[in-house]
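Open your viewer and keep the sequence panel beside it. We will go from one residue out to the whole chain.

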Amino acid sequence: MNPDERFEERLCEIARTGSGDDPTTAWKAEILAVAMEKASIPRGLAPPPPLLYAWAAAWTAIACLSWSGAGQPDAETSVATAPEAAFTLLLAYRSELLQQLALP
């Protein structure tokens, strides 16, 4: 839509001759050089391996300890979980503490 009919021909001639001070060749070469370099491996969101090992060891210890003590019912816990026993135990501990704190 350019009124000049030779516009495209002149553009092709300019592109073929190329001026010596054209900066595009320099930055094109720089971009290509950077693109050709070996890409670095992006670091993921995973924590470092020593931290993973520590977490695995902790969870293994927790699982072993919870499974080893689950089969043995404790007599003290069964007494303390009863509602009426809890209140009387609380009163007994309170009176014992008050006796220990009493000044001579």
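## Stop one: a tyrosine

Select tyrosine 53; helix α3 is where you find it. Helices (H or I, at least four residues) and strands (E, at least two) are DSSP runs, numbered from the N terminus. Remember that this model is predicted: local features need pLDDT of at least 70, side-chain atom pairs count only at pLDDT 80 or more, and totals for chains, interfaces and linings use all residues. Residues are numbered from 1 along each chain as its sequence is written, and side-chain values use heavy atoms, without hydrogens and water.

Is tyrosine 53 buried or exposed? Tyrosine 53 is exposed, at a relative accessible area of 62%. Buried means under 20% relative accessible area, exposed over 50%, partly exposed in between (1.4 Å probe, protein chains only).

## Stop two: helix α2

Now select residues 24-36, helix α2. Its 13 residues should span 18 Å at 1.5 Å a residue, and the end C-alpha atoms agree: they are 18 Å apart. The expected span is 1.5 Å times one less than the number of residues. How many residues of α2 are buried? The count is zero, so α2 is hardly covered.

## Stop three: the whole chain

Zoom out. The protein has five helices and zero strands. Of its 104 residues, 2% count as buried.

Colour by pLDDT, the predictor's confidence in each residue, from 0 to 100. The protein averages 76, and 69% of the residues score at least 70. Select residues 49-69: helix α3 has the highest confidence, at a mean of 90. Then select residues 75-80: helix α4 has the lowest, at 54.
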